[in-house]
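The following briefing concerns a predicted model.

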Amino acid sequence: MSVLTDTWSWLTTSAHWYGPDGIWTRLGQHLFLTVVCLLISCALALPVALVLGHLGKGGALAVNLSNIGRAVPTFAVLVLLLLTPIGSSGQWPTVIALVLFSIPPLLTNAYVGMREVDPDVVRAARGMGMTGAQMMRRVELPLALPLVLTGVRIAAVQLVATATLAALVGGGGLGRIITAGFNLASTPQVVAGAVLVAVFALLVEGLFEAGRRLVPDRTGDRETV
Amino acid sequence: MTAPPDDCLARNEWICGDYLSSRRGILMDATIQHLQLTAASVLLGLAIALPLALLARRRRWAAAPVLGVTTVLYTIPSLAMFSLLLPVYGLSATLVVAGLVLYSLTLLVRNILAGLRAVPEETRQAARGLGYGPLRLLLTVELPLALPTAMAGLRIATVSAVSLVTVGAIVGFGGLGNLIYSGMNTYFKAQVLTASVLCVVIAVAADLLLLGVQRLLTPWTRRTA
């Protein structure tokens, strides 16, 4: 029980919230890393996945990429990048690792989403004289959107987790509170940092879940307005 | 061509045969710890996930909370999960196993449940018509038919566990992760790369092993494939 009260008092100490190592700074870094890397990996992965899905090519790659991403330890990649020449240039190892690990869920889900569009609908669109680009934009993409967004959600949660691990290799973010707590042998600080990270991850997940509910599911019956 | 101890260890090269031969003992110990941590957590996870999945299948009210809680657990980043368990288990191997068990639950429960739910109602009725009781129905009809989906979950859980064990280095029980962690602090390239590659090799080998087990356990799926 004392751990809980100690953690609570750590969290409610205002000195821990401000300053260059404060919670607000770390939260800002975590948020910045997550958002920037999510934008980069979406920009990299989604166009490729959507075009491949439209053409129906590269399916093996899109699916296997997820398996490879799972088998390679995030921590190992972070350390490997740190030891390369890139490692000496600030946040780059973290950014590269984050982007690498968020690409597989984006690619796989967007690809599968495009492939699962009812072939009859695609044929009908072609019959109406739509070009490939029109079909992609106006037929396949809206129908694939729920799965594309699922991929973005998984990628975002993955980014939060990877950004936490980046603290082990000296990156910024909320994970630093945990690693600093370990170095100080301060269990309350470790737990407080973990609580902050967990809440942050759950908030990100919740945000995307709420966003998903706002997007109309066009795959069902003709109820859409 | 001038330095006296001119071997790959002295030059700190990424790939180094001398490292493999001179640190064989350390590598073996780390690999064994890695395998033990992975096996313990996956087996324990399976032992907990199976009853949970059966409960969620039998009792309609149990499905939502079981799936909800395990999904929330899965969202929590690994470093935070281990940190949250610190007050309970201290710096121990048990902490790492407990954290990994909690992760594997999501994948295992979800897949076992999906497998059980996919058993056709006609099949169940046919078995009942042949005089099968509930237990015999479960053991000889439902579970074997759910096996391919459940095994898919087990494979993903195992591969993820192999990768996540490395994070256990934060509490000193990370198998090959310990070597990566110490290699990072001493800038020892060969050690980091060797341990990372071994992690991936273990993950791939475990995946193939489980695939082989699945083939042996479900000979009837091969004919249709």
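Between the two chains, 37 residues of chain B are in contact with 33 residues of chain A, contact meaning heavy atoms within 4.5 Å. The area buried between chain B and chain A is about 2,900 Å², with carbon and sulfur atoms giving 84%; buried area is the accessible area (1.4 Å probe) that two parts lose on being put together, summed over both. On the side of chain B, Thr75(B), Leu79(B) and Met184(B) lose the most area to chain A, together 19% of what that side buries.

**Basis of the model**
- Residues are numbered from 1 along each chain as its sequence is written, while chains are lettered from A and ligands numbered from 1 in the order in which they are written.
- The model is predicted, with local features needing pLDDT of at least 70, side-chain atom pairs counting only at pLDDT 80 or more, and totals for chains, interfaces and linings using all residues; side-chain values use heavy atoms, with hydrogens and water left out.

**Chain A overall**
- Chain A has nine helices and zero strands, where helices (H or I, at least four residues) and strands (E, at least two) are DSSP runs numbered from the N terminus.
- The C-alpha atoms of chain A fill a box of roughly 70 × 45 × 25 Å along the principal axes.
- Of its 225 residues, 48% count as buried; buried means under 20% relative accessible area, exposed over 50%, and partly exposed in between (1.4 Å probe, protein chains only).
- Among contacts in chain A between residues at least 6 apart in sequence, 73% join residues at least 24 apart.

**Helix α5 of chain B**
- Because 19 of the 25 residues of α5(B) are buried, the helix is largely enclosed by the rest of the structure.

**Aromatic rings**
- Over all chains there are four aromatic pairs; rings of Phe, Tyr and Trp (its six-membered ring) pair if their centres lie within 6.5 Å, with planes under 30 degrees apart stacked, over 60 edge-to-face and the rest tilted.
- One of these is the tilted pair of Phe75(A) and Tyr181(B), at 6.1 Å centre to centre and 45° between the planes.
- This pair joins two chains, because Phe75(A) lies in helix α4 (residues 74-83) of chain A and Tyr181(B) in helix α8 (residues 176-185) of chain B.
- Phe75(A) is buried, with a relative accessible area of 1%, whereas Tyr181(B) is partly exposed at 23%.
- Tyr74(B) and Tyr103(B) form an edge-to-face pair, their ring centres being 6.1 Å apart and their planes at 80°.
- Tyr74(B) belongs to helix α3 (residues 60-75) of chain B and Tyr103(B) to helix α5 of chain B, 29 residues apart, so that the pair links distant parts of the chain.
- Tyr74(B) is partly exposed at 36% relative accessibility, and Tyr103(B) is buried at 7%.

**Positive phi angles**
- Ala185(A), although not a glycine, has a positive phi of about 55°; this residue is in the loop between α8 (175-183) and α9 (187-214) of chain A and is exposed at 66% relative accessibility.
- Asn12(B), also not a glycine, has a positive phi of about 55°; Asn12(B) lies in the segment before α1 (17-22) of chain B and is partly exposed at 21%.
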